[in-house]
Amino acid sequence: MRIFPCPAAGLVLLASTFSFAQTVTIVSPIEGATTSPVRVVANFSNTSPIAATMVLVDGAEVSQGGAVTPLDVTIPISPGSHQITVKAVGEDGTDISASRAVDIAAPTVVMAATTSSTTSTSTTSTTTSGTITYSKIEEKSGWYTYPDQGNPVCSSKPAMVNTPSLDGISGEFYLGPKGQFNNCLWPILLGKSTTATHFQLDVHYRLSNPAYPQGVEFSSNKHIGTKWYKFSIQCSYNKGVFSMYDPVQGKWVATSIACKRPTAGKWDHLIVNTQVANGKAVFQSIVFNGVTHTVNKSFSPLTKSSSYNFGVHFQMDGNRSGNAYHTWVDKLTYKIW
């Protein structure tokens with residue numbers, strides 16, 4: 001259970017807890033004054049699937065989020081003091097809710113045209129000059145999970161949290177091993193394309209205890225007809241280097257690119273540039289914490305049923321001792337062209 005400190009004046013968090021410890025946790029807006037439109041993000045913890053969610057301002061319903069969780073909507077609110085309430089109804093009929101008082105600042109008059117996009121907003125996909133960019137993927141719905149190895153406890157999807165984060169909201173993943181070298185893997189499907197052959201995965205991540213993971217893995221994949229091109233890269237802490245996966249041979253291939261365990265509280269930043277060329281999945285380069293490393297290694301694809309889908313996944317690897325840990329993923333971006 002997350003324990004919240006006593007909030008500052010002008011902002012109060014009230015949580016309603018019903019039977020079976022069902023709760024709503026409001027992630028956004030965070031404590032303090034805010035501006036309109038307001039991004040409302042909430043996680044739900046309950047024993048029954050969610051049937052419907054809604055947002056109320058001063059008791060009046062302003063938005064319905066359906067059954068998709070976590071809730072993530074943006075709503076306009078007039079200046080002044082207001083109470084935002086997030087409500088949900090479980091399929092068993094149980095109502096749960098949480099409320100937060102916010103002070104909406106009056107809009108600032110801007111005398112000249114400006115552009116700015118540095119704060120956390122709703123997850124988006126944009127297209128520019130043929131490049132499609134998927135931003136804040138850790139905050140999207142559609143993640144699912146399955147144990148990749150062993151029988152661990154895996155979070156069903158990333159939980160939305162304020163702390164730690166780089167842009168206000170990060171996705172928190174959890175691995176609870178029940179034995180040696182248990183792994184959890186979380187994929188998400190992003191879309192489909194019949195023309196894309198170049199890809200870039202860009203992500204920041206932080207470990208709750210850097211001594212516990214055997215490794216962490218990020219991957220993108222692209223189906224082109226019956227060929228499945230897989231771009232999996234792992235920071236193998238036991239080897240101290242990055243490794244790439246050869247799906248046909250079913251083995252990891254080590255590089256000479258160093259990947260050491262980070263110090264506690266540190267964010268690592270990974271960029272992986274890949275492409276499909278001459279019928280191969282080609283790893284072009286890795287940029288790790290600002291340093292670019294040329295790779296130029298390629299692997300043959302697997303043969304699957306015909307599709308043009310693409311997506312990404314994240315995996316946490318457990319160690320010999322079976323230590324549980326969390327990973328926070330932030331600003332996960334994927335570009336295809």
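Me: A polar contact is a pair of N or O atoms within 3.5 Å, of which, within protein, one must be able to donate a hydrogen and the other to accept it. In this predicted model, which side chain does a polar contact of 3.3 Å join to that of E172?

Reply: E172 is found in strand β14, and with a relative accessible area of 14% this residue counts as buried, the cut-off being under 20%. The polar contact made by the side chain of E172 has a length of 3.3 Å, and the side chain at its other end is that of W328.

Me: Are the rings of F173 and F314 stacked or edge-to-face?

Reply: A pair of aromatic rings is described by the distance of the centres and the angle of the planes. For F173 and F314 the centres are 4.9 Å apart and the planes stand at 65 degrees; since planes over 60 degrees apart define the class, the pair is edge-to-face.

Me: How many residues apart in the chain are F173 and F314?

Reply: F173 belongs to strand β14 (residues 170–176), whereas F314 belongs to strand β24 (residues 309–317). Both F173 and F314 are buried, and their pairing links distant parts of the chain, the separation being 141 residues.

Me: Is the ring pair of F199 and Y334 stacked or edge-to-face?

Reply: F199 lies in strand β16 (residues 198–207) and Y334 in strand β25 (residues 325–336), 135 residues apart. F199 is buried at 0% relative accessibility, and Y334 is buried with a relative accessible area of 1%. Their ring centres are 6.4 Å apart with the planes at 5 degrees, so the pair is stacked.

Me: Which residues do ring pairs link into a cluster with F199 and Y334?

Reply: The count of aromatic pairs comes to 14, and the stacked pair of F199 and Y334 is part of a cluster linked by ring pairs. Besides these two, the cluster holds Y134, F231, F283, F299 and F310.

Me: Which residues have the most contacts inside the largest nonpolar core?

Reply: In soluble globular proteins, nonpolar side chains tend to be buried together. Here the largest nonpolar core has 45 residues, and its largest share, 6 residues, comes from β17. Y334 is also in contact, beyond its neighbours within four places in sequence, with residues including I137, F199 and F310. The residues with the most contacts inside this core are I137, Y205, F242, L270 and Y334.

Me: Which pattern do the disulfides of the protein chain follow?

Reply: The count comes to 2 disulfides, one of them between C154 and C184, with sulfur atoms 2.0 Å apart, and another joining C235 to C259 at an S to S distance of 1.6 Å. C154 and C184 are both buried, as are C235 and C259. With bonded cysteines counted along the chain, the pattern is 1-2, 3-4.

Me: How many residues apart in sequence are the parts that C154 and C184 tie together?

Reply: The torsion about the S-S bond of C154 and C184 is about -85 degrees, so this disulfide is left-handed. Because C154 lies in strand β12 (residues 153–154) and C184 in strand β15 (residues 183–192), the parts tied together have a sequence separation of 30 residues.

Me: Is the disulfide of C235 and C259 left-handed or right-handed?

Reply: C235 lies in strand β17 (residues 215–236) and C259 in the loop between β19 (251–258) and β20 (268–277), so the pair ties together parts 24 residues apart in sequence. The torsion about the S-S bond of C235 and C259 is about -100 degrees, so the disulfide is left-handed.

Me: In the hairpin of β4 and β5, which residue takes a positive phi near 55 degrees?

Reply: Strands β4 (residues 50–57) and β5 (residues 60–66) run antiparallel and are joined by 5 bridges, with V57 having A60 as its bridge partner in β5. The hairpin has 2 residues between the strands, and the one with the positive phi is D58.

Me: Is K331, which has a positive phi of about 55 degrees, buried or partly exposed?

Reply: Most residues other than glycine have a negative phi, and most peptide bonds are trans. K331 has its positive phi although it is not a glycine, and its place is in strand β25. At 37% relative accessibility, K331 counts as partly exposed.

Key:
Residues numbered from 1 in each chain as written. Predicted model: local features only at pLDDT ≥ 70, side-chain atom pairs only at ≥ 80, totals over all residues. Heavy atoms only, no water. Phe/Tyr/Trp six-rings, centres within 6.5 Å; stacked < 30°, edge-to-face > 60°. Helix = DSSP H or I, 4+ residues; strand = E, 2+ residues; numbered from the N terminus. Buried < 20%, exposed > 50% of the residue type's maximum accessible area, 1.4 Å probe, protein only. Disulfide = S-S within 2.5 Å. Core = buried A, V, L, I, M, F, W, Y, C linked by side-chain atoms within 4.5 Å. Contact = heavy atoms within 4.5 Å. Pairing = 2+ DSSP bridges.
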